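Here is a short report on a protein model.

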Amino acid sequence: MRMLKKKDLISTQEWGVEDIELLISLAKDIKRWRYAGNVPRLLKDRSLFMLYCNEAVKARVCIGAAVDILGGRVHFINLPTLDEERIIDVARICGKAGSAIIMELSEEAIKHPYGIGNSVVRRCAERVDAPILNLGDGMFNPIQAISDILTIREKLGDGVRGKRCVITWIYSDEVKSRGAIQDDMLIATKYAMDVVLTFPPGFELDEDLILKAKENADEYGGGFRVERDFKQALIGAQVLILRSWASRECIKLGLNEFGGDREVEVRDRYMDWLLTPDLIDLADRNVVVIHDLPFSRGKGATMAIVDGPLSVALDQVENSIYVSAAALALLTADRQV
């Protein structure tokens, strides 16, 4: 198996397009092999450890299936708090016992000041010999982003250069991190899509990563702009990525300090950021709609959209399995543990 240039997968921004393409190619192979009933046991006799906080239901489901497909075994370890030193010690133990460590900290990271989750993941990568696969740290979520771009290409064809990709905040009563949306923004600009980011006042993303997205667009020949008018942003969209993320001040301070009631007050000002059938008519008639699952029913988008033929959310979930499997196979290719 061809080797990667990177040891860990913490964000898509740190991977070149060549390595991302290698991962996607293997993910597509694994998907094809699984449907044919003949998947190589690329993780045979390998033990992997997933460290997560809170529920992380979707991540655990996808990782469990991914490891099973390739013949390995995954051990799930619930971390009760985001105690940096303790997590590093747990990771060091797991790094000696297994071939890779998978980390999902986003649900807990949102409670703390921005950047702490990513700091924990990076410190583990520095201290642990085993490769680290990041499933969400509050700042990045590369598996989500790579699964999204794979799903988009399945629906629109591999030639996504210049396709209008609208990434929009939508109303939800759930408080979530902005890691997935930031990685979506970064990978879409690397693939030279025409990216439009829209959100209400007070929900701005990481300024440094906005600059990175602009640099990606310039380097790879795509487009990137921020559009504050929700309806205007939807016009001509060929891809719609629907996400809800916490307000800028909540993310900066962390939900524990900012307060849940204050965050509800901020979010409730924008309950009209709701995708309805008349608004989706502004987009391309064959628009591809990607959104999180489980979905907060009745919030952010009508059921006619999230349960309708334009939604590819379940396709994205399935692709997350194959992308996770491919990432683990590639990251552990030279590991003997």
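The sections below cover the basis of the model, its salt bridges and one of its cavities.

## Basis

This is a predicted model, in which local features need pLDDT of at least 70 and side-chain atom pairs count only at pLDDT 80 or more, while totals for chains, interfaces and linings use all residues. Residues are numbered from 1 along each chain as its sequence is written, and side-chain values use heavy atoms, with hydrogens and water left out.

## Salt bridges

The structure contains 18 salt bridges (a side-chain nitrogen of Lys or Arg within 4 Å of a carboxyl oxygen of Asp or Glu). One of them joins K44 to D45, with 3.1 Å between the closest N and O atoms. Both K44 and D45 are exposed (over 50% relative accessible area, with buried under 20% and partly exposed in between; 1.4 Å probe, protein chains only).

D194 pairs with R164, and their closest N and O atoms are 2.7 Å apart. D194 belongs to strand 6 (residues 194-198) and R164 to strand 5 (residues 164-169), so this bridge ties together parts 30 residues apart in sequence. Strands are DSSP runs of E, at least two residues, numbered from the N terminus. D194 is partly exposed, at 22% relative accessible area. Salt bridges with shared partners also link E21, R153 and D158 into one network.

## Second largest cavity

The second largest cavity is lined by 14 residues, and A109, I110, Y114, G138 and I251 are those nearest its centre. A cavity is a set of points on a 1 Å grid over the protein atoms alone where a 1.4 Å probe fits but cannot get out; lining residues have an atom within 4 Å of a point.

How values were computed
1 Å grid on protein atoms, 1.4 Å probe; cavity = no way out; pocket = protein on both sides within 12 Å on 5 of 7 lines; lining within 4 Å. Helix = DSSP H or I, 4+ residues; strand = E, 2+ residues; numbered from the N terminus.
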